[in-house]
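The tour goes from one selection to the next.

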Amino acid sequence: MRFSAFFFDGAARAFNTRPTISKFIVVLAASSGGLVAYADSKSENAIEASQPAPKKKKVLVLGTGWAGTTFLKNLDSTLYDVQVISPRNYFAFTPLLPSVTCGTVEPRSIVEPIRRIIRKKKGDIKFWEAECFKIDATNKKVYCRSNIGTNLDGTGEFAVDYDYLVLAVGARTNTFNTPGVVEHCHFLKEIEDAQKIRRSVMECFERANLPYLDEEQKKNNLHFVVIGGGPTGVEFAAELHDFVSEDLAKLYPATRDLVKISVIQHGEHILTMFDKRVTNFAEEKFRRDGIEVKTGFKVVNVTDNLITMKNATAGEFSVPYGMAVWSTGIGTRPVMMDFMKQIGQANRRVLATDEWLRVHECDGVYAIGDCATINQRKVMEDITAIFKVADKDNSGKLTLKEIQDVLEDICIRYPQVELYLKSNQMSGIVDLLKGAKGDVQKESIELDIEEFKKALANVDSQVKSLPATAQVAAQQGNYLARCFNKMKDSEQTPEGPLRITESGRHHFRPFCYKHFGQFAPLGGEQAAAQLPGDWISIGHSTQWLWYSVYASKQVSWRTRALVISDWTRRFIFGRDSSCI
């Protein structure tokens, strides 16, 4: 087969009689010795300059805890220019921190590098390891300081602007300004805290075995005090008891009978957020195990070797100790306190958001996790507006049908209504209305504004603050990511309830927390669980349920495999007692 070359000089000159851009596509096809060629030409006027892609909105996330990391994992990062700032470059599975303190789980088994998480996301996500020290909501800037490097000024400070700011900085331990706590007590909120506690426990045992100490001094060194009877304090006390009885008693036989573990609780019981059945079982088990539970005591001062406490009966007295762990709740971080003063929330304990996790009076600022709380709108604040929305015929009376037409929107906007019905074992809105109207026929129910107010007068009693738990933070991060993913679509097709005080509908449903239960490991391979539906489970089987749930909740398959291997190692070889 033979191919020939063809030049289209004449055709080219013909096309160039006016300013054009000629594009020739020559197609050569050989079929039975034949040759076919054609040319395609487009005018310069037909070619339009490509328009630049619209600039993406900047989403700045502060924090890589439960709320921030869950938000990042579920956010469609192709829609935004995402930037992340945190003083730690990893996510820590904090519910297992008590296990880290005693070597049941290694610290690196419960952390996942944040860069490994964002590497799996589409889009260009930037991460900077730094700590935010100032938020300027007016100019939409945050000011940060890096602890691992400095800029030309030698300060390591830089500013980042944003379109949307997601505050997920968490909280710090609340010391209630008790003297000596910061200087002499351990906290249990970070990986570093758990590692310090682990070293301190071993140092107490090594110090107690020195030859020049008498028995009283050894007892003082081996007195471990936990201040706070919440889930973290109780779980640490149980872990420490298992560590001592199962491992250290074999390694330090001379001092094993001198060890004492005390839990000091200001309230009348430990684990007050659990059902009484769980509380009673935990207190009884601790007494059987020899863990001292002192309820009704308030710690007023801590020195390097004494803890001073008081109660109404015994008055004020001091006890010697070797190591103390402070676990009494959470407080607001300094950067958040400054921000709250700036936006007029200085009189609040924690930053307030609305039901859509938006910070009040701050455009484009959201807050999730332990650093904020939802300020749920009260029904009675909007009762007149609710009545007007339901009264479509402006008759001044509400029929049952008119109420039922807006009932779903009311229950979504004010979840306390549905909670009130359930807590009072009411089958529906009819039972609630009958309480205000009296025993009348369902079809003949009509309420004026005063009767309507009377019917809903007590529903706001069900408004409660959400607990500062990983479960709440993760659900908030997931919810907010979903809102960001659908932000553009929601402008055209809003999916939220009716606006009560304005026209139209809300773009999204408000955040609604769904409680999946809570665990309390109590040592000796026993745990307690309070699950939805008032189901209480206590014992060895519950501990295995705890293992399975916590393994499944790990952030990656890598950490899941590491945690399970640590548990297996502990079953076979025991816990490590090295001072490292």
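Predicted model: local features only at pLDDT ≥ 70, side-chain atom pairs only at ≥ 80, totals over all residues.

Select Trp 66, Ala 67, Thr 70, Phe 71 and Asn 74 in H2; they meet Ala 470, Ala 473, Ala 474, Gly 477, Asn 478, Leu 480, Ala 481, Phe 484 and Asn 485 in H16. Sorted by class, the residues of this contact are nine nonpolar and five polar, with no charged ones.

The crossing of H2 past H16 is right-handed.

Next, go to helix H19, residues 557-573. Show the surface and select Trp 544, Phe 571, Ile 572 and Phe 573, which make a nonpolar surface patch of about 530 Å². H19 supplies the largest share of this patch, three residues. Ile 572 is one of the residues that lie in H19.

Stay on H19 and select Arg 570 together with Glu 246. These two form a salt bridge, and their closest N and O atoms are 3.8 Å apart. Glu 246 belongs to helix H8 (residues 231-251) and Arg 570 to H19, so the pair ties together parts that are 324 residues apart in sequence.

To end, display the salt bridges of the whole structure: a search finds 32.

Note on methods. Residues numbered from 1 in each chain as written. Heavy atoms only, no water. Left-handed = near helix turned anticlockwise from the far one by under 90°. Helix = DSSP H or I, 4+ residues; strand = E, 2+ residues; numbered from the N terminus. Contact = heavy atoms within 4.5 Å. Nonpolar A, V, L, I, M, F, W, Y, C, P; charged D, E, K, R; others polar. Patch = residues over 30% accessible without salt bridge, like charges linked within 9 Å, V, L, I, M, F, W, Y side chains within 5 Å. Areas by Shrake-Rupley, 256 points an atom, 1.4 Å probe, with all protein chains shown as cover. Salt bridge = Lys/Arg side-chain N within 4 Å of Asp/Glu carboxyl O.
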